[in-house]
Amino acid sequence: MTTDVTVVVATRNRRHQLLETLARHAAPVIVVDNGSTDGTPAAVRAAFPDIRVIELGRNAGAGAARNAGVGAADTPFVAFADDDSYWAPGALERAVALLHAHPGTALLAARVLVGPERRLDPICPAMAAAPLGTAPGAPGPTVLGFLGCAVVLRREAYRRVGGFTERLGTYGEEALLAMDLAAAGWNLAYVPELVAHHLPQPDGRDPGARTRVEARNRLLTAALRRPGRVVLGEVVRAWRAPRQRAALVDVARELGWALRHRRPLPSDVERDLAVLEHDGGGRPDHIADTPTAPGRTAVAAGRIDG
C-alpha cells in the first residue's frame, strides 16, 4: 500500500456498490457522502473502521464532495474514484512514481476498463491519439480532459487553482478544472499503464435531467473561460437539441454569476482546445441530442465518467 496518495470517493445512495469497491483500493481512503439516505456512512464505518468518512449532510454535488476530500487529505497526491470504480493493483504506486519523476505534471489520466468483461472505455483510444503530442518532460500524451473515476492529481496544484467549481454541481464539472490546471501552466497527461476499473450499473436516475445539467454546465464553462464565438456555438448546439434546450433557461439564471467570474483562458490553452475540437478530440457528444453517460463531456473539455 502506498501512503503518498489518498483515494477520495464521492458517494450518494450506493451503499452496496461502495462496500464492494472500497476494499480494492491499495491506499488510504476518504469517503465523502453526499447526503445518502440508505445508511451509507454508518455501513462504511462499520465495515472499514480505518476509513475516514465525511458527511456533507446534503447532496452538494460531486465537485463539492471531492473538494472536501482533497481538503481533508494530507498526502502530496490524490486519486479520485467513484463508488462503482476501483484502482487496479499497482496503479497508484506507479502514479506516485510518475508524479515524483515529472514535477511539471499535475494530472494523470488512466486507462479505464468497463464492466466485468473489462472492455476498454472508448474515450481511452481518443486520449491516446490526442493531437497535442507529448510535452517535453511529460509522462504521456497531453490531454485537456479526463475521466473522473480514473485520475490522479498533485494535491497542491489542485488546491492552487481552487479545485472544482462547486456551483456546477455534478455532471461536466471536470471540464473547468482541466482548463484551469492547463491555464496555470500544468501538464495533463494520459498514461495507459495506469488502470482503473469501472463497474457501472443502472441507477434509476433521470437521463433527461442529466442531459439538461450537462448542457447547462457546458454552457456555463464556456461563458466562464472561452471566447464569445465558442459560447455562441454552444448556445446554438443546445438550441438545436430538444433535450438540451431547457438548459438555456438555467444558464440565463446563472449568467450574471458567470460573467462576474469570467476569466478567459491564456491564448496557448485556447489554441490547444481549438485543435482538439477541430480534430474531433474523441468527442462522444458530437450528436447533439444523444444523452451521454453520467458526467461525460468531450475530451477537449474534460470528459469524465462520474
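Which domains does the domain assignment of the protein give? The assignment gives domain 1 (5-198) and domain 2 (207-279), with bounds that come from an automatic or database domain assignment. The model is predicted, so local features need pLDDT of at least 70 and side-chain atom pairs count only at pLDDT 80 or more, while totals for chains, interfaces and linings use all residues. Residues are numbered from 1 along each chain as its sequence is written, and side-chain values use heavy atoms, with hydrogens and water left out.

Taken over C-alpha atoms, the centres of domain 1 and domain 2 are separated by 24 Å. Their contact (heavy atoms within 4.5 Å) takes 17 residues from domain 1 and 21 residues from domain 2. The size of an interface is often given as the accessible area lost when the parts come together. Here domain 1 and domain 2 bury about 1700 Å² between them, 72% of it on carbon and sulfur atoms; this buried area is the accessible area (1.4 Å probe) that two parts lose on being put together, summed over both. On the side of domain 1, Arg167, Tyr171 and Met179 lose the most area to domain 2, together 37% of what that side buries.

Charged side chains also meet at this interface, where the rule finds 3 salt bridges. A salt bridge is a side-chain nitrogen of Lys or Arg within 4 Å of a carboxyl oxygen of Asp or Glu. The side chains of arginine 167 and glutamate 254 form a salt bridge, at 2.9 Å from N to O.

The structure also holds 3 aromatic pairs. Rings of Phe, Tyr and Trp (its six-membered ring) pair if their centres lie within 6.5 Å; planes under 30 degrees apart count as stacked, over 60 as edge-to-face and the rest as tilted. The rings of phenylalanine 80 and tyrosine 158 have centres 5.9 Å apart and planes at 70 degrees, so this pair is edge-to-face. Because phenylalanine 80 lies in strand β4 (residues 77-82) and tyrosine 158 in helix α6 (residues 155-160), the pair ties together parts that are 78 residues apart in sequence. Such helices (H or I, at least four residues) and strands (E, at least two) are DSSP runs, numbered from the N terminus.

The rings of tyrosine 158 and phenylalanine 164 are likewise edge-to-face, because their planes stand at 75 degrees, with the centres 5.9 Å apart.
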